[in-house]
Amino acid sequence: MIRFLHKVANSFNSAKQPQIHFHKQLKPARANLTLKSYLKSNPIKTILLFSDLLRKKISAVDSYSLLYVIKACTKNSLATEGKQAHGLVIKLGYEPIIFLQTSLMNLYAATASVADVHQVFDEIPNKNVVCWTSLISAYVQNQKPNRAIEIFRQMQMDDVEPDQVILTVALSACADLGALDKGEWIHELISQKTDFSEDLCLMNALLNMYVKCGDIRKAKLLFDNVKIKDVRTWTCMIVGHALHGQAEEALRLFSALEEENKSRSSKSRETKDQLLVPNDVMFIGVLMACSHAGMVEEGKRYFRSMNEEYGLKPRLSHFGCMVDLLCRCGLLNEAYSFILAMPIQPNAVIWRTLLGASGVQGNVELAAVARSKLGELEVSVVGDDVALSNIYAAKGMWEEKIMLRHEMRQRRTPGCSSVEVGKLHS
DNA sequence: ATAGGGTTAG
């Protein structure tokens, strides 16, 4: 970390003249309020004002200013600026401030430098539960849920008492792993603590864990027991039903939410403030349910109502759900025209959906189109070629198959699997 | 004044 020190002053001095004006008589305490307020509206302005302060006088910044600038770097995943801020923490002798250390851990987690997160953690002399949370969260954010759980165990062996926040993070690691047994063990810990089950964030994480680990009965039981729910609670349950092929339950739940909102909006103003307005994530669950059940017309209707009734702009994933729905129902040509009419560029997943469906239905023409689109996107992996090659084989088109194999060998792109965990609950 | 948390197609 020391080696970044010498760069610090220079890089801040050579920064472009910021457009932000401030009075040089501002004391840190005063400027810090401004830094903090920019953080919410536009974190880049926090960084510009900070470097401006620093250029004039190093004593114009204190540990609070640094905290805000580190958070600004975290929000925008700015690795270089973040390292410079870390250098300043050391230079100004703020290393013993634990708030700065945990903020630095979050910064490195956001810039995908998990090794740096761990190093900062190791150098903290008196680690509290917040430090452990940041560490575990870093591993979860960077797709290492196994490591996150290991560290959670290690923390307990160090006799650090877990709180609601770290249990929430640990549960998301279990969800990512599909580790039902570990999730249930954390559920036990929650039950032993008074008041923990009143934390909605924690309950939503627990619900999500049961959903992702495939225990839909426990999920539903929990959902019914959570008295005050928010949009995420409902979304989680709707997605849960959809993932488990329970399309009817998913759609029934969505209708129940709409009914609940109708009755609330006709009542007092207080209940109007508690409206559970569906968001775009919830519609992914709804569209997934339609897809599983093969409900084309309903799917199209929900897709339209998303925009018309709720003013939600469909994102790439919603278009993906629609393509999946059309393909599953065998409407390949309609899926293809739907893709061509999309207002945003389709990604590889969408073309791959069409390619897969074309394979199943033996539509060589569309399969070739989808494959060439995948090629254009330069993300073609061996798996796509294998799919197409099998279609050719099934059709007895051996020459094409041999040519494809030859192409694949020349590209030498290794195939890969996304399954890393031994345990799969489906 | 200051640190850590939950839903997202295939």
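Biologist: Which of the 44 residues around DNA strand B come nearest?

Modeller: Start with the word "near": a residue counts if one of its heavy atoms lies within 4 Å of the strand. Here K71, N204, K212, R315 and V349 come nearest. Keep in mind that this is a predicted model, where local features need pLDDT of at least 70, side-chain atom pairs count only at pLDDT 80 or more, and totals for chains, interfaces and linings use all residues. Residues are numbered from 1 along each chain as its sequence is written, chains are lettered from A and ligands numbered from 1 in the order in which they are written, and side-chain values use heavy atoms, with hydrogens and water left out.

Biologist: What classes of residue make up the surface near DNA strand B?

Modeller: Ala, Val, Leu, Ile, Met, Phe, Trp, Tyr, Cys and Pro count as nonpolar, Asp, Glu, Lys and Arg as charged, and the others, Gly among them, as polar. On that basis, the surface has 19 nonpolar, 16 polar and nine charged residues.

Biologist: And which parts of DNA strand B are within 4 Å of the protein?

Modeller: Of those atoms, 37% belong to sugar or phosphate, and the rest to bases. Look at D230: an N or O atom in its side chain is 2.8 Å from a base nitrogen of DNA strand B. For R232, a polar side-chain atom lies 2.6 Å from a base nitrogen. With S317 it's a backbone N or O atom, 3.4 Å from a base nitrogen.

Biologist: Now the domains. Where do they run in chain A?

Modeller: Domain bounds come from an automatic or database domain assignment. Chain A gets domain 1 (1-6 + 29-125) and domain 2 (127-228). They touch through 14 residues from domain 1 and 13 residues from domain 2, where contact means heavy atoms within 4.5 Å.

Biologist: How much area is buried between domain 1 and domain 2?

Modeller: The size of an interface is often given as the accessible area lost when the parts come together. Buried area uses a 1.4 Å probe and is summed over both parts. In this model it's about 1,200 Å², with carbon and sulfur atoms giving 68%. On the domain 1 side, V114, H118 and F121 supply 44% of the area buried against domain 2, more than any other three residues.

Biologist: How many salt bridges are there between domain 1 and domain 2?

Modeller: A salt bridge needs a side-chain nitrogen of Lys or Arg within 4 Å of a carboxyl oxygen of Asp or Glu. The count here is zero.

Conventions:
Buried area is the accessible area (1.4 Å probe) that two parts lose on being put together, summed over both. A polar contact is a pair of N or O atoms within 3.5 Å; within protein, one must be able to donate a hydrogen and the other to accept it, and residues adjacent in sequence count only if both atoms are side-chain atoms.
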